[in-house]
Amino acid sequence: MNVLLFEDTQVDQLYPITIGRPAHAISCGGYRLVDLLVAGPSPARSVVRPHLAALQRADFPGLCEQFQHQRKLLLLNARTVPSAALVGRILHWATETAEGVVHFQDALAAAVLPQEKTSPAGSLTSEQLDDFFGFAGLAGAPRASLEIPLFQWPHDVVRYHQSIFTDNLAHRLQQGSYQEIADGVFAAGDAKLGQYLVTETSAGPILLEAGASIGPYAFLSGPAHIGANSRVLEHAAIKDGVALGHTTKIGGEVEASIIEPYTNKQHHGFLGHSYLGSWINLGAGTCNSDLKNTYGQVKMDYRGERVSSGMQFVGCFVGDYAKTAINTSIFTGKTIGVCSMVYGFVTTNVPSFVNYARSFGQVTEMPPEVMAA
């Protein structure tokens with residue numbers, strides 16, 4: 001069997017997370033969908049939006065290769081929640097069924113096509129997907145009862161993260177090579193703990209990848225996943241469901257959040273129920289709110305569309321390469337676009353490529369060459 005990951009038109013609803021990242025590369029629950037599929041038994045490739053094609057060739061060259069053999073094909077939406085248990089069920093279903101489709105609400109979540117319908121799949125581009133779906137006759141394929149949840153909005157990433165994290169960490173422990181270096185604390189390679197720290201693992205384990213280090217006087221509460229070569233600084237508080245990507249540097253208080261690789265939150269300040277992309281720097285004292293004063297459910301504003309999150313705790317969603325100045329305060333449920341510089345109080349969503357100093361009456365567009373300097 002071959003596996004083809006595809007991005008559909010609803011991937012744009014995940015702004016700003018997916019501007020510079022394929023949907024299959026969103027971290028959630030300590031995994032990305034691509035991690036679970038590349039580690040599986042079936043060859044996989046991916047069809048992404050045109051502006052991400054070069055990035056995918058650089059970061060995921062194996063997903064760009066054409067299939068070597070014509071086999072039964074599993075089509076899988078790249079917005080699929082990266083639960084290890086879910087992916088296992090999907091692969092089992094695809095292996096056992098001859099043909100079928102699964103929808104999540106109005107979106108195609110997955111389909112299994114017999115070998116005779118898969119010939120164009122090896123060299124598909126995103127512009128050819130709809131034609132291929134028509135050729136494959138997906139509209140008339142039998143419906144399967146399997147449930148495959150998809151990310152629809154940015155807040156879904158944090159919501160699913162909290163529900164799948166513990167099971168995904170258990171899967172990592174089964175698949176990896178870890179040593180228990182403290183009660184409920186598991187380390188790979190040369191990961192190390194500093195002195196005089198406190199760990200709490202009654203709600204889930206703490207996993208440290210190779211090269212990760214925890215500074216002295218820190219507090220860690222599981223479930224938590226500390227990526228390879230990441231540094232948790234002295235006096236930090238990492239608690240209640242934090243997943244740090246590799247090569248991150250984290251201080252202050254972080255709760256129930258996902259931080260992608262190469263991002264720095266070095267100084268004191270609170271980050272809660274949030275998603276940070278890559279190459280972000282949060283200035284000293286930057287804090288976000290993840291709870292309304294009314295304690296009610298948070299309603300999100302996504303490009304003018306009002307969406308109820310169904311969640312009481314929702315923080316911020318920050319695109320790649322964004323920067324915050326010292327003492328920046330981000331209000332509940334705000335999105336910050338890619339390559340933006342943010343100052344003062346963030347009371348509205350922030351577009352991409354802007355200097356945002358609304359507290360001082362300034363929101364100005366910045367040329368890409370300035371951001372790249």
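User: Thanks! What volume does the second largest pocket have?

Analyst: The second largest pocket has a volume of about 380 Å³. A pocket here is an open set of points on a 1 Å grid over the protein atoms alone, where a 1.4 Å probe fits, with protein on both sides within 12 Å along at least five of seven lines. The volume is the space filled by probe spheres set on the points, which are joined across faces, edges and corners.

User: Before we go on, what kind of model is this?

Analyst: This is a predicted model, where local features need pLDDT of at least 70 and side-chain atom pairs count only at pLDDT 80 or more, while totals for chains, interfaces and linings use all residues. Residues are numbered from 1 along each chain as its sequence is written, and side-chain values use heavy atoms, with hydrogens and water left out.

User: Good to know. Which residues lie nearest the centre of that second largest pocket?

Analyst: Glu-7, Asp-8, Thr-9, Leu-129 and Asp-130 do, out of 18 lining residues, where lining means having an atom within 4 Å of a point. Helix H4 (129–136) gives the most to this lining, with three residues. Helices (H or I, at least four residues) and strands (E, at least two) are DSSP runs numbered from the N terminus.

User: And the largest pocket, what's its volume?

Analyst: About 760 Å³. The largest pocket is lined by 36 residues, with Arg-32, His-246, Glu-260, Pro-261 and Ser-278 nearest its centre. Among the elements that each supply at least two lining residues are helix H2 (53–59) and helix H5 (154–175).

User: Let's switch to strands. What order do they take in the five-strand sheet?

Analyst: The order is E2-E1-E3-E5-E4, in an open sheet with mixed pairing. Strand E2 (44–47) and E4 are the edges, each with a single partner strand, so one side of each has no neighbour in the sheet. On average, neighbouring strands are turned by 15° against each other, direction ignored. Two strands pair if DSSP finds at least two bridges between them.

User: Is E5 enclosed or exposed?

Analyst: Largely enclosed by the rest of the structure, because seven of the seven residues of E5 are buried, meaning under 20% relative accessible area. Strand E3 (residues 73–77) pairs with E5 in the antiparallel sense over four bridges, and Leu-74 has Val-112 as its bridge partner there. Strand E4 (residues 100–104) also runs antiparallel to E5, joined by five bridges, with Val-102 partnered by Ala-110.

User: What sits across those strands?

Analyst: Helix H3 (residues 84–96) lies across E3, E4 and E5, at about 150° to E3. Such angles run from 0 to 180 degrees between N-to-C directions, using axes fitted to C-alpha atoms, for helices over the stretch in contact. Contact means heavy atoms within 4.5 Å.

User: How many residues are between the strands in the E25 and E26 hairpin?

Analyst: Two, and Arg-303 in that turn has a positive phi of about 50°. Four bridges join the antiparallel strands E25 (residues 299–302) and E26 (residues 305–308), with Lys-299 partnered by Ser-308.

User: Last one: what does Leu-193 touch?

Analyst: Leaving aside neighbours within four places in sequence, Leu-193 is in contact with Ile-181, Ala-182, Val-185, Leu-208 and Ile-214. Leu-193 lies in strand E8 (residues 192–193) and is partly exposed at 29% relative accessible area, that class falling between buried and exposed (over 50%), with a 1.4 Å probe and protein chains only.
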